[in-house]
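Please keep the structure open beside the text while you read.

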Amino acid sequence: MFFNVPVRKKFLKSPTSDANEILKMISQIALGHPHIKFQLINDNKITLNTTLPLSNDFNEQLQERIQTVLGNDFSEHCVSIHFEENGLKLQGMIGLPSYTRHNRTGQYLFINNRGVFSPLVAYAIKEGYGTSLPTGRHPVFVLHLTIDGNLVDVNVHPQKREVRLRQEHILKQMIIKGIEQALQRNYSDPIRNTFPAVQPVFANAFSSNKT
């Protein structure tokens, strides 16, 4: 297959690495669509198996999916957010200020159900924590942002992984406001899970495309 193009062969990784990359991709899609059941089989072994949600509430569906994909520890140290203003909807889970990471591997953003990275949103979320974050630490989150598609520019990355948002100042202020309200409302009463304890399928290896 690679007789005439050996330069490509050297870029191939091991079967284990490729399997992990596939698991990352399917896991991220599963977090982006918590109402859909996913099952991934590798070498006749089930490596990811999500169930249909028990609830019709999106945030409850997402919490259940986070527990399956990222583990109970992640979910137990997060609070729920549901913020709507001027056509913007921000919902999902954000980590408590005491539960942070030294990089952005715990950050999963979906804009209109598509997994992406947005420098503006990442900055606004961090700003929403104010001075409660330790120096050099990053908050964790699984957030779904729903906005008018005309405000999203996807033509800034070859794989459409990074996006640029229009009306940046307005969107940034609304996101900061949503984060602040969620932390103020829930910080003293962190979410207690009601779902059975499960083992995360990819809590350690699953990382975002930005570090």
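1. Which residue of strand 2 does Gln-39 stand opposite? Gln-39 stands opposite Asn-49, and the two strands concerned, strand 1 (residues 39–42) and strand 2 (residues 45–49), run antiparallel and are joined by four bridges. Strands pair here if DSSP finds at least two bridges between them, while helices (H or I, at least four residues) and strands (E, at least two) are DSSP runs numbered from the N terminus. The hairpin that strand 1 and strand 2 form has two residues between them, and Asp-43 in the turn has a positive phi of about 55°.

2. A word on the basis of these points. This is a predicted model, in which local features need pLDDT of at least 70 and side-chain atom pairs count only at pLDDT 80 or more, whereas totals for chains, interfaces and linings use all residues. Residues are numbered from 1 along each chain as its sequence is written, and side-chain values use heavy atoms, with hydrogens and water left out.

3. Five strands make an open sheet with mixed pairing, in the order 3-4-9-6-7. Strand 3 (78–85) and strand 7 (114–116) stand at the edges with a single partner strand each, so one side of each is left without a neighbour in the sheet. On average, and with direction ignored, neighbouring strands of this sheet are turned by 20° against each other.

4. Within the sheet, strand 3 and strand 4 run antiparallel and are joined by eight bridges, with Ile-81 opposite Gly-92 in strand 4. Their hairpin has two residues between the strands, and Asn-86 takes a positive phi near 50° there. Strand 6 (residues 107–111) and strand 9 (residues 141–146), by contrast, pair in the parallel sense over five bridges, and the bridge partner of Gln-107 in strand 9 is Phe-141.

5. Helix 6 (residues 168–186) lies across strand 3, strand 4 (88–95) and strand 9, and runs at about 135° to strand 3. The axes are lines fitted to C-alpha atoms, for helices over the stretch in contact, and angles run from 0 to 180 degrees between N-to-C directions.

6. Helix 5 (residues 119–128) and helix 6 cross at roughly 40°, and their axes come within 8 Å. The two helices are therefore oblique to each other, given that angles under 35 degrees count as roughly parallel, over 145 as roughly antiparallel, 65 to 115 as roughly perpendicular and the rest as oblique. Contact means heavy atoms within 4.5 Å, and the residues that make this one include Leu-120 and Tyr-123 of helix 5 and Leu-171 and Ile-175 of helix 6. By class, the contact of helix 5 with helix 6 has 10 nonpolar, one polar and four charged residues, where Ala, Val, Leu, Ile, Met, Phe, Trp, Tyr, Cys and Pro count as nonpolar, Asp, Glu, Lys and Arg as charged, and the others, Gly among them, as polar.

7. Helix 2 (residues 15–32) and helix 3 (residues 58–69) pack at an angle of about 160°, their axes being 9 Å apart, which means that helix 2 is roughly antiparallel to helix 3. Ser-27, Ala-30 and Leu-31 of helix 2 meet Leu-62, Arg-65, Ile-66 and Val-69 of helix 3 in this contact, and these residues divide into five nonpolar, one polar and one charged.
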